[in-house]
Amino acid sequence: MKRTNPEPSASGAKKRRGEEDDEEVGCSHAAVEDGAVSEDQCLPLEDELTFSDTSVALRMMRAQFPRIDQASVPPFILQSQLYSSVNDRTQVDRELECLRREKVVRVFKLNTGQDDHAVIFLDDYLNQVDRIVKRMEEKKQSDLEIFKWFKGHVLDSKLEPSIGHHELFSLLSLGGNVKDAHITLLINAGLLTRQLIDPDMYWFAIPSIGKLWKGLLQGRNELLSLIKRKRHKEMFLAELEKKRLRFSPLDVRFHIRDLIGSGHLKTVQTTSGLIVRIPKD
Amino acid sequence: MWQAIKDRETGRVRSNSFANRFKSRRASSLQLSNRKDFVSPHRGSVNSLQVDLTEGRYLLSGATDGSAAVFDVQRATDYEASGLIAKHKCMFTVDKQHEHGHKFAISSAIWYPIDTGLFVTGSFDQFIKVWDTNTAQAVVDFKMPGKVYRTAMSSLAMSHTLIAAGTEDVQVRLCDIASGAFSHTLSGHRDGVMSVEWSTSSEWILYTGGCDGAIRFWDIRRAGCFRVLDQSQTQLGVRPPVLKPPAVSSKTFSAAKSSLGGQNRLKSLQNKHTGSQSAKGSSSAKASVEKSRQKRLHPGMLSTLDRATAHYGVVTGLKATNNGMYLLSAGSDSRIRLWDIESGRNTLLNFETGRIQTNKAIQMDTSDDPALVFVPCLKTVKSFGMWSGRTTLMLRGHYESVNTCCFNSNDQELYTSGADRQILVWSPDGSVEDEMVQDEVAEDKDNWSD
């Protein structure tokens, strides 16, 4: 694992590395996940700001995704978080492309107005779709085969974040007879949204992301204003980590990684640790 | 440095690599020049800069106050501070006071590529004017259907003298200076065209980037565009792999999509179009009835159905590399993408730009030997390594946002201009010259005969 500052003692390093290996193994088991999250909150962000590899970074950040009980959203990682976690951005893009082609992850475009993309593991997404189907069954909704066709035909072959109307229709028709009402059902479930610029194209969407999306935007603004209010517009990373955000259900680390990756914050190494500051240009 | 010259003498270093060593060292150490200054006569933000292609001596600039000016880059008009600072005043300007001058902002001013006797300016008053440099008179006028965003002429052209004009109208028009008329109208974009660039490897190929986010490749000898760049068609690496990657899935549509070139994709789009139409129709299987029912598109116009976008936003700048293999595009989604021209794929190189100006076109430039890309990012100019995407230099000097960068590869100087009405010169920090001066000052002590 890459370290941003040298460890004070070798035994300390071994202990921390041991903890993190446990977490990595632990993140594949759902039972250990809660334990992993609480263990790693005592590990400062400074020590694990960068990773060596995109897939390692994705797994670690998925494990650290905050558990929110009200919204049943699969854990997602923003692309800007990946940029701040791995040194070489081109490497991130290319590895993400490889993972996307191997159907390990799926990339979605979020409509925040900036170039935000969310990366979700495909298993999590498919679980989410199944949960939606179950919920709709309980509400006695009809025509639920459309979701099966969606999962089987559309998700399997269309790996880009957007899809055209004709293509959607033809891919779904491979399963059976498709009507416009079916597509309305998919939109209501939150799996597709229409594009604002082009009436004929749809974006793939993460269902029930609304609350977190709002929290993302507000949390970003809150964190930035927190730092801007300081006299020299900078703060120690260790101190920033301890703050609690009022408007966002996502935790501070999530926002910090995101803002560093999108260029709104800059980290500077000093003798007393990492400082986060707002760049002048 | 003398060691390098000795190596050249003895033949250990070849002449090209000898020259390139110096050029690359100079180009990687640019800073605001304290020896050279352009006195800008413009009263509005300077939108366009170009050094002439034949000698690399004259700089043409166009500004928002409707003025275009020409500067001599190599000879200064006067010197200040006892000969240390060279001031370059403009040789002449054509502005609103001129009887044939533009009435609104000039968005693009380019030299005639063959010699500096003519230059072409495009303006928001919907006119493109061709000027004679020696008499400063407008020779030919072209009236465009909308505000002109960018004009371009091919530097390789042997058989045509066409000006490609991107306007706020969806069609790209090619104007012929020799006949004074429009020779081509290229349709396919769905919104205005903000950037136009001719190919550096073929005189017939034109690249255009539109406000709809699409980049299209046109061969002007044929109808329609032959390629539309799609940001999701990617290749990992700067050249496409020799073996094709395994097909994503066995479905026919995706197989058609992942195949190379735009042709299959366009045919599949046409098939889908006719397929869906005939499915809705009742009994007509005959081609003639289908033709009447649906507007049968010319194969060259099939590209209008292709809605692939290269950027999530407006394409604000295009630059083809000098070797004709790659195309750089800047978009208002603050991304710069590098495209492999032959395969038409996104090479997924990530340039660490923060934010780029979104409402106006920007002009980027590239340097060959240290393979750098110079991009104006709001108030700074950043230079990135072309194959690594990392920032090598951040040049801060402008007071407002920067619009254009122009790299003079003869002298390894960068000229930038922006909304603060200044044209700044960035030159290498001159350490080599200092070295040489030191050596000259040390006289030959044995030479003391009277």
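Which residue takes a positive phi in the hairpin of strand 4 of chain B and strand 5 of chain B? I looked it up in this predicted model. Gly66(B) does, with phi near 80°, and four residues lie between the strands.

**Ground rules.** I note that the model is predicted, that local features need pLDDT of at least 70 and side-chain atom pairs pLDDT 80 or more, while totals for chains, interfaces and linings use all residues. Residues are numbered from 1 along each chain as its sequence is written, chains are lettered from A and ligands numbered from 1 in the order in which they are written, and side-chain values use heavy atoms, with hydrogens and water left out.

**Chain B, the sheet.** I traced an open sheet of four strands, order 3-4-5-8, with antiparallel pairing. Strands here are DSSP E runs of at least two residues, helices H or I runs of at least four, both numbered from the N terminus. Two strands pair if DSSP finds at least two bridges between them. Strand 3 (46-51) and strand 8 (90-94) each have a single partner strand, so one side of each is left without a neighbour in the sheet.

I then went through the pairs. Strands 3 and 4 (residues 58-63) of chain B share five bridges, and Val46(B) has Ala63(B) as bridge partner. Strands 4 and 5 of chain B also pair over five bridges; Tyr58(B) stands opposite Asp72(B). Strand 5 joins strand 8 of chain B through four bridges, with Ala68(B) partnered by Val94(B).

**Strand 5 of chain B.** I checked cover on strand 5 (residues 68-72): five of its five residues are buried. Buried means under 20% relative accessible area, exposed over 50%, partly exposed in between (1.4 Å probe, protein chains only). Ala68(B), Val70(B) and Asp72(B) lie on one side, Ala69(B) and Phe71(B) on the other.

**Chain A.** I found 12 helices and nine strands. Of the 281 residues, 52% are buried.

I turned to the nonpolar cores, meaning sets of buried Ala, Val, Leu, Ile, Met, Phe, Trp, Tyr and Cys residues joined through side-chain atoms within 4.5 Å. The largest has 40 residues; Phe76(A), Phe147(A), Phe150(A) and Leu172(A) touch the most other members. Helix 7 (residues 145-157) of chain A gives the largest share, six residues. A second, separate core of 18 residues includes Leu49(A) and Leu226(A).

I listed the neighbours of Phe147(A), with contact as heavy atoms within 4.5 Å. Leaving aside residues up to four places away in sequence, Phe147(A) touches Val133(A), Met136(A), Leu185(A), Leu186(A), Ala189(A) and Leu191(A).
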